Structures are given as C-alpha cells and as structure tokens.
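This briefing is intended for reading alongside the sequence and the coordinates.

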Amino acid sequence: VRVARAGAFETDRVSWSHRLQLERLPLALYFNYRRRDQRLTSGDDPGNLELQQSWLAGAELNLGDLVLTAEHEQFDQQLSPPSTTNRASATYVHSVGSDLVLTAGASYQTIKYDNVLAFGLEPGDESLDTYGAHASATSTLRDNLLFRLDCTYLTSSGRQNDTRGRIGASV
C-alpha cells in the first residue's frame, strides 16, 4: 500500500492591462494579458495543477448614449481545451428628465474550442454561441432611494444549449 503525500504547490499570477482613449475620436482601444501558473514544490502531483494564459484585445466606440464594444480573446490552458472567443455588444443608456434612466442592450459571444478530441469532447461541443438582451429602468424616488426594474434574456447553443430569462425589481 502506497500512501500519497499531500502535494504542496505555488501559484504565480501576472495581470497587465492597458487602455488607450483616443483624444480626437470617441474610441478606446484596450488590451489585457493574464497568466496563472501552478507548480508542484513537494509531495505527489494532485493532477489538477494548471497553466493558463489569456490575451484580450478590444475596442469601445462611445457615441453619446450608445456604446459599441468588440473583443477578441485567446485562452490557453492545460486541463481544458484552449479557446478563441469573439464578443460584440451594444448598450444604449438614456436619461429621461432627472429622475429616470433607461438602458437597453444586446450582446453576442462565440467561443471556438481547439483540440476537442484530445479533451474527450463530442462532435458539436467545439463551439458555444451566446446571444443576449437586457433592459432596465431606474427611477429616483427620493434623494437616496432608487427603484430599478431589470429584464435579461440569454440563449446559448453548441457545447451548452439553454435559454434563461430573468425579470427583477429592487429598491
């Protein structure tokens, strides 16, 4: 009988972000790099130590009440399939008088997984597409009192097929 020694490991994390807001255009460009590296320092390898890296580049166009965003992300890891993600969103925020703010938006995200067979994924599990929409109304009832009504809808297909809707209110 062999008794496993508890594994001791260390984790290094690096995160770097940069955002460039263009002076003469309503455009911002941004970049984010993240790395998480776990290494065994003693004991038996638990088999779940991970090395993850992601690179994200995006652009945000601010046209007054309307904000458009587009992103591209590469995500590499060892324990799950690496992926490439593209995202787009549009959000409209409008004030009606001094007491009411209306928000509406839509989003789309597509994820393509690489090396799916090496990770035991079935055909059809190599991608995930998600569409979403949201709306909210926020009203000032008194100086420090707000009423908010939210509505969200998301639908996904591919690796995960589901549809979710949520309606809520808060004071």
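Which residues form a nonpolar patch on the surface? In this predicted model, the patch consists of Leu141, Leu145, Phe147, Leu149, Ile167 and Val171, which together have about 580 Å² of accessible area.

**Surface patch**
- Strand 8, spanning residues 145-158, supplies the largest share of the nonpolar patch, namely three residues.
- Val171, a member of the patch, is found in the segment that follows strand 9 (162-170).
- Val171 counts as exposed because its relative accessibility is 71%, and the cut-off for that class is over 50%.
- In soluble globular proteins, nonpolar side chains tend to be buried together.

**Nonpolar core**
- The largest nonpolar core has five residues: Ile111, Tyr113, Val116, Leu121 and Leu128.
- Beyond its neighbours within four places in sequence, Leu128 is in contact with Gln109, Thr110, Ile111, Tyr113, Ser156, Ser157, Arg159 and Gln160.

**Thr138 in strand 7**
- Thr138 belongs to strand 7 (residues 127-142).
- With a relative accessible area of 18%, Thr138 is buried, since buried means under 20%.
- Apart from neighbours within four places in sequence, the contacts of Thr138 are Asp99, Leu100, Val101, Leu146, Phe147 and Arg148; of these, Phe147 is also one of the patch residues.

**Asn115 in a loop**
- Asn115 is located in the loop connecting strand 6 (100-113) with strand 7.
- Its relative accessible area is 52%, so Asn115 is exposed.
- The phi of Asn115 is positive, near 55°, although the residue is not glycine.
- Most residues other than glycine have a negative phi.

Conventions. Residues are numbered from 1 along each chain as its sequence is written. This is a predicted model: local features need pLDDT of at least 70, side-chain atom pairs count only at pLDDT 80 or more; totals for chains, interfaces and linings use all residues. Side-chain values use heavy atoms; hydrogens and water are left out. Patches are made of residues with over 30% relative accessible area and no salt bridge: like charges are joined within 9 Å, nonpolar side chains (Val, Leu, Ile, Met, Phe, Trp, Tyr) within 5 Å. Accessible areas come from the Shrake-Rupley method with a 1.4 Å probe; for residues, only the protein chains shown count as cover. A salt bridge is a side-chain nitrogen of Lys or Arg within 4 Å of a carboxyl oxygen of Asp or Glu. Helices (H or I, at least four residues) and strands (E, at least two) are DSSP runs, numbered from the N terminus. Buried means under 20% relative accessible area, exposed over 50%, partly exposed in between (1.4 Å probe, protein chains only). Contact means heavy atoms within 4.5 Å. A nonpolar core is a set of buried Ala, Val, Leu, Ile, Met, Phe, Trp, Tyr and Cys residues joined through side-chain atoms within 4.5 Å.
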